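This briefing is for a reader who is meeting the structure for the first time. Please look over the sequence and the model, then go through the points below by topic.

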Amino acid sequence: MAEVSMCRRSSLSPDEERILIKDIALAAEAKSKEGDTFFLITQRWWQHWIDYVNQEQQPDVSEHCDLADSSSFKRPAGIDNSDLISDDAIEIQDTLLEGRDYVLLPQQVWNQLHTWWVCVILCLRLSFKTRTIGCSLAGCRYGGGPTLPRRVITSGPSHTEMAVEVYPLRLQLLVVPKGGRSTIRISKKETIGELHRRACEIFDLSPEQVCIWDFYGRKQHALMTDIDKTLDDANIQMDQDILVEILSPDNGTRPSGYTSSVRYDGSLEKEAASVLVEPSKSSLSIAGGLSASKGASRSYNTELAQSQSLTSVRELDTTYGTIGVSTRGSSGGLTGLQNLGNTCFMNSAIQCLVHTPEFARYFREDYHQEINWENTLGMRGELALAFGELLRKLWAPGRTPVAPRPFKTKLARFAPQFSGYNQHDSQELLAFLLDGLHEDLNRVKQKPYIKSKDADGRPDEEVADEYWANHIARNDSIIVDVCQGQYKSTLVCPICNKVSVTFDPFMYLSLPLQSTTTRTMTVTVFTCNGSALPSAYTVTVPKQGRCRDLIQALSNASSVKHSERLLLVEIQNHMIQRFLEDPLILLSTIKDDDHLAAYKVQKSAKNTKYLQLIHRRKDQGTSDGQITSGWLPYGTPLLSSISCDDEITRGNIQNMVHTMLSPMLRTESLDHTDISGARSAIAASNPSGNLRGEACTDSAISNSMNNDITSSKPVKSLKLSLQLVDESNACIDLSVGEEKAITLPSASTSILVYADWSQKLLDKYHTHYLENLPEVFKYGPVTKKARTEPLSLYTCLEAFLREEPLVPEDMWYCPQCKERRQASKKLDLWRLPEVLVIHLKRFSYSRSMKHKLETFVNFPIHDFDLTNYIAHKSNSGHQLYELYALTNHYGSMGSGHYTAHIKLLDENRWYSFDDSHISPINEEDVKSAAAYVLFYRRVKSEDSFVSNGVLSCGGDNKVASHK
């Protein structure tokens, strides 16, 4: 039986493989728990297999290109993970990115794929040699590789989130006083006791004579004695040092739970240094990391070179480094930051904050008196002190590039998400720094509890000032003075129209960024009065638009009359899945592979319902060897409105259905000459060409020649098999008792009628118009893109301020309805800060995809005018801003590189800050598609000129706050 099961792979079709793997994966992921094993598999091989098993679902591939013989549809060879492995080791590369380089498969899926390919490859070879069919290799174990297992661990503050630890901790063990060293990999969920055991095992030492130290940054942070504590809880970082101390006979043997420190007389520093200055003997050790990082594309070689340089010297002087161009004798503020290993995200954000004039002045003076040592929401002043010290180093004249390791150490302690040497989002770090610095420098020692009041019809100015005063009563710092503004938030209940107005503070604006501003959508329009055939229309709508935009475009394209309106629906499985009646529904919720239909209905009175005509035809199948048949839905439903004020009989329903189907009725009464003439007449009367495909057909000609087709003999002679679904879900045959009145369901807005199509009826109608409902957008051959204007920063701001409904997960509790409602939300700028930080949302995330938008945004460097965007109209004067700094992101998401462009106001000159390298640039080079976070300063026409670092004229140095 083992031989048969192993050879099952060779008998499965590609689609059967896909279904089997999908079932295994769903079952495995539903039961996944801590400690489970996942396996890395190269994205290249996985994509090949995906293409192979999905080949039967590829639509009309032969029409576009010859893919039938493409290698994509051939069975993949054995699993080959060699492209994930470093050249000189069996370690995976440090710059891999999930979804780009590899995918993670549950153990059950890996075992199945591994077994299949072992069996297939070896069986084919055996069959070729012995000319037999079957497998006798029940003991097969090697199906490609190398095998790369990884464990599932818990993460997050509550340890409830599960994640696969692709990159376990890489630690360098340093032995003193012997001077040995070794690099190991160990899970951050392992205990200190396990680390101690492995250190003793590697160096062949007795556990009783060894103690280990947290030696992060060459400093003895803590003696690691709690053997049950995990390395994660001990805040051990990727690629840090662990000091393994061999106790001398003078020290004696320490009992378990010892707390005394190592006797330190300076020899330990010398011993450690002698070890560290030796060339690295381990190919796995890259000081400074790049370990779990997702790499750096544009400046990867630069960062790697810097990290390897640090390997030998290890920054014996943490204040000064040896890398980069010396700026001795140059203007202040032109000091670079060393890259410690993928810390470009941190360096770029720090340089922008350091070169913000108000912060440069504040932290170079005595700010210690404003530190809030007791604020539990802050870092007890430690973050502010670390940032202030780093700022002073960067503004000191004649400095070589600074190594920000002390600052990063503090950052990792208070924000573990930024620990290690992964690449991170510069904007996320910036948000943490601004919030953390605010709490550390908050002048309010005891925050009062203040309950916000609703506007209740009061003037906006009064309510806004009240909200701002309440905010300042709890939050008052240099960060608030400089960076915080206020916007007006208006919520409207869609049910009772209750309006709620609040005024909330903001630290920065995150503006949406579209890769394109428009999208094309294809929708099929149906008529319910028998006046025309179904016709598909492709229209252009705003990409971030709403259903009202789509309906308006379709109405114009299909010439909807003033007395008509379009009813938009989504079709799934030949049924109406949902009515898209809410005009505020975002078009982004409609996918490209969805199927939409629009029905022309009368702008009817209030008391109406919709008649849904669902088509069915007989389907034959087999069950337990017996031939069975049943009616299954097919085609596209038709829809018409029906008045509830009049009595409705079964015959009325029959007539309505005949009318809806009449354009598709086959007509044999016209000869070929008449058809040709009628076709020409219709084409001449429709120069716009809105009817697509086979819109000008015999049935359309019949419509133009016979306006009352519903009363013609062919229609009356056809008897349709119609079934009405009543309130009890029972079917009523409408083909008998035409005079009988029907009772319309009171609870539903729709009446469901099934039309059962016999083969005889199918021969009487052109039903293919119902069968081919196109997708919203069908991908085809790439066409040349039309030239478009670059996206403006003003356009992004308008998209941010546009009214939109709340997402279902964030619905608003309406105080009037006493229920949660999906209210519409409108933002307006009310109070602007001295420094306006704008984040361009280039990165998008979904469950299965991570994407970066490379869209070029045309942002103003001078005269960024926000006057017309301020809702506070009594705020006199122009709101003009000037760009003075920005961060850039180059490369793909997770594997890119950050830099900063900063204008030194003293020199009126722009510089590029690329880690430790600083170079002057022209102003026209500031704009690029890499711009990510923009820093604007308010233009003051009468105030004294303020440079990045020094107040040029006399006056009060304190920044005026918006109080």
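Arg197 counts as partly exposed, at 39% relative accessibility. Its side chain meets that of Glu194 in a salt bridge, with 2.7 Å from N to O. The model is a predicted one, and a search of the whole structure finds 25 salt bridges.

**Salt bridge within a helix**

- Arg197 and Glu194 both belong to helix 7, which covers residues 192–203.
- The two residues are three positions apart, about one turn of the helix.
- Glu194 is partly exposed, with a relative accessibility of 21%.

- Arg413 and Asp214 form a salt bridge through their side chains, at 3.7 Å from N to O.
- Arg413 is in helix 13 (residues 405–414) and Asp214 is in strand 9 (residues 210–214), so this pair ties together parts that are 199 residues apart in sequence.
- How do the two partners stand in accessibility, buried or partly exposed? Arg413 is partly exposed, with a relative accessible area of 35%, while Asp214 is buried, with a relative accessible area of 4%.
- The side chains of Arg443 and Glu370 also meet in a salt bridge, at 3.0 Å from N to O.
- Arg443 sits in the loop between helix 14 (426–440) and helix 15 (460–474), whereas Glu370 sits in the loop between helix 11 (357–364) and helix 12 (382–395). This pair links distant parts of the chain, 73 residues apart.
- Arg443 counts as partly exposed because its relative accessibility is 22%, and buried means under 20%.
- A network of salt bridges links Glu370 and Arg443 with Asp476 and Asp481.

**The protein as a whole**

- The protein has 24 helices and 40 strands.
- Of its 963 residues, 50% are buried.
- Among the contacts with a separation of 6 or more, 73% are between residues 24 or more positions apart.
- The accessible surface comes to about 47,000 Å², and carbon and sulfur atoms account for 50% of that surface.

- Four strands form an open sheet in the order 13-12-30-27, with antiparallel pairing.
- Which strands lie at the edges of this sheet? They are strand 13 (499–506) and strand 27 (804–805), each of which pairs on one side only.
- Strand 12 (residues 485–492) runs antiparallel to strand 13 and is joined to that strand by eight bridges.
- Val492 has Val499 of strand 13 as its bridge partner.
- Helix 15 lies across strand 12, strand 13 and strand 30 (824–831), and runs at about 45° to strand 13.

**Cysteines**

- How many disulfides does the structure hold? The count is zero.
- For Cys814, the closest cysteine sulfur is in Cys496, at 3.5 Å from its own sulfur, which is too far for a bond. A disulfide needs the two sulfur atoms within 2.5 Å.
- Cys814 is buried, with a relative accessible area of 0%.
- Cys483 is buried, with a relative accessible area of 2%.

- A second sheet to look at is an open one of five strands, in the order 16-15-19-17-18, with mixed pairing.
- Strand 16 (535–542) and strand 18 (575–579) are the edge strands of this sheet, and each pairs on one side only.
- Ignoring direction, neighbouring strands of the sheet are turned by 45° against each other on average.
- Strand 15 (residues 518–527) pairs with strand 16 in the antiparallel sense over eight bridges.
- Val525 has Ser535 of strand 16 as its bridge partner.
- Helix 17 (residues 547–557) packs on this sheet and touches strand 15, strand 16, strand 17 (564–572) and strand 19 (595–602). The direction of helix 17 makes about 135° with that of strand 16.

Methods: Residues are numbered from 1 along each chain as its sequence is written. This is a predicted model: local features need pLDDT of at least 70, side-chain atom pairs count only at pLDDT 80 or more; totals for chains, interfaces and linings use all residues. Side-chain values use heavy atoms; hydrogens and water are left out. A salt bridge is a side-chain nitrogen of Lys or Arg within 4 Å of a carboxyl oxygen of Asp or Glu. Buried means under 20% relative accessible area, exposed over 50%, partly exposed in between (1.4 Å probe, protein chains only). Contact means heavy atoms within 4.5 Å. Accessible areas come from the Shrake-Rupley method with a 1.4 Å probe; for residues, only the protein chains shown count as cover. Two strands pair if DSSP finds at least two bridges between them. Axes are lines fitted to C-alpha atoms, for helices over the stretch in contact, and angles run from 0 to 180 degrees between N-to-C directions.
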